[in-house]
Amino acid sequence: MARKAALAAASLLSATLVAAQQIGTAVPEVHPKLTTQRCTVAGGCKPVTNAVVLDAATRSIHKAGDPATPCTVGSGACADAASCAKNCALEGIPSYAAQGVKTAGDALTLNQFMPNGDGSYRVVTPRAYLLDAAGRDYEPMRLLNAEFSFDVDLSRLVCGMNGALYMGEMDLTGGRSEMNPAGAAYGTGYCDAQCPTLPWIDGVANINNAYGACCNEMDIWEANALAQTYTPHPCTKDGVYKCQGEQECGLDNGVCDKWGASFNPYSYGFKDYYGRDKTVNTNKKFTVVTQFLTDDKTPTGTLAEIRRLYVQDGKVIQNAVVSAGGEQHDSINDAYVNSTAAWTVKRGGLETMGRAIGRGMTLTFSIWADNGGFMNWLDSGNAGPCNETEGDPKLIQRDHPDAAVVFSNMKWGEIGSTFQAPPKCVKHRREA
């Protein structure tokens with residue numbers, strides 16, 4: 001189950017209010033550029049210059065005209081939603097690199113810890129989103145009957161770390177409005193299937209943490225060098241939804257599927273499939289391919305299957321074939337979901353997830369450690385080979401301050417267009 005670090009949320013205001021959370025003038029916002037590619041089978045892949053933007057909660061939110069005075073939701077200049085909108089300003093990022101985000105051509109590097117210059121390190125935990133070529137809105141990821149591929153180097157991600165690449169059905173403008181003129185260009189509008197209770201939603205203050213910010217979430221990749229999973233998390237509501245109370249936000253009865261229908265070969269006994277010097281060797285870079293196949297093989301069809309492939313050293317590595325519900329599965333399809341994830345079925349299963357993917361989702365990149373559970377849900381016990389305590393963030397910061405993930409060579413387009421399959425594929429078989 002995904003456990004995202006919460007960063008930004010809030011309640012909507014009446015349309016009669018005209019005051020807005022202002023864009024600060026102390027620090028200009030300069031987005032790091034990132035090259036991605038759009039692909040077709042006939043025409044190959046063509047580069048596009050996108051950009052990345054850090055989440056709004058990474059930024060200084062201060063009293064308008066007074067950068068030294070923070071706007072704390074629920075007090076002072078930000079006592080209620082109307083005063084927050086009128087009196088608060090959202091600043092640019094002084095240095096993306098200092099916040100653990102660097103781009104170079106088609107590569108995005110995220111660091112968990114940054115040096116202070118005295119031998120110590122500070123925790124930064126960046127979360128960034130892909131902007132469109134204009135740098136104003138989020139790039140709309142519409143991947144039905146399409147595939148998305150990327151290269152990843154997570155050799156420096158030890159037990160307890162998570163280098164994640166996922167999509168959420170955030171408003172593609174970041175909730176830009178009279179209340180929130182900054183919008184996606186300043187990283188506003190975050191939501192996910194965990195319905196996080198956060199200080200702001202779409203740039204509007206969430207007084208008394210009254211609401212959670214829910215939306216459909218597709219975890220394409222959550223991993224470190226020892227364990228990995230991919231997971232759809234459908235919700236019963238479209239777009240960004242504000243949940244309130246246990247009935248709407250709860251784990252079992254809430255609007256969103258917080259558990260998800262995950263596919264993790266290790267949990268089915270494939271202990272030699274993924275990891276250091278395993279079939280998918282995490283000591284070096286490899287390509288992850290995710291295909292979103294529809295029932296009628298068109299972009300308007302119903303999502304029927306989420307298929308995973310890997311490419312490394314010029315070889316295509318097929319996904320592990322696992323046994324669930326008395327059947328064999330090498331992908332997430334309706335039969336797999338029905339036999340493994342009743343909570344996902346309750347929220348509409350792949351059909352609901354597919355509708356969100358068809359409408360367009362926001363591509364999100366993050367790196368984080370888990371203070372509460374040491375990331376055991378991802379890499380310990382039945383999920384992976386790590387022990388229950390080595391994922392303690394304090395130990396990671398002490399012993400592995402260079403923890404980082406590099407995502408690169410991102411491509412999306414028609415099925416079969418983003419990678420070249422050699423004549424023969426390497427198939428993994430479970431050892432007796």
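Cys 215 counts as buried (under 20% relative accessible area, with exposed over 50% and partly exposed in between, for a 1.4 Å probe and protein chains only), at 1% relative accessibility. This is a predicted model: local features need pLDDT of at least 70, side-chain atom pairs count only at pLDDT 80 or more, and totals for chains, interfaces and linings use all residues. Residues are numbered from 1 along each chain as its sequence is written, and side-chain values use heavy atoms, leaving out hydrogens and water.

The structure holds eight disulfides, a disulfide being a pair of cysteine sulfur atoms within 2.5 Å. Three of them are, among others, listed here.

| Pair | S to S distance | Torsion about S-S |
|---|---|---|
| Cys 39 and Cys 45 | 2.1 Å | about 110° |
| Cys 191 and Cys 215 | 2.2 Å | 95° |
| Cys 195 and Cys 214 | 2.1 Å | 120° |

The link of Cys 191 and Cys 215 is right-handed. This pair links distant parts of the chain, 24 residues apart. Cys 191 is buried, at 1%. Cys 39 is buried at 5% relative accessibility, whereas Cys 45 is partly exposed at 26%.

Four strands form an open, mixed sheet in the order S1-S6-S4-S5. Its edge strands are S1 (22–23) and S5 (66–70). Strands are DSSP runs of E with at least two residues, helices runs of H or I with at least four, numbered from the N terminus; two strands pair if DSSP finds at least two bridges between them. Strands S1 and S6 (residues 88–90) pair in the parallel sense over two bridges.

Among the buried residues of helix H5 (residues 349–359) are Leu 350 and Met 353. Just after H5, Gly 360 takes a positive phi of about 120°.
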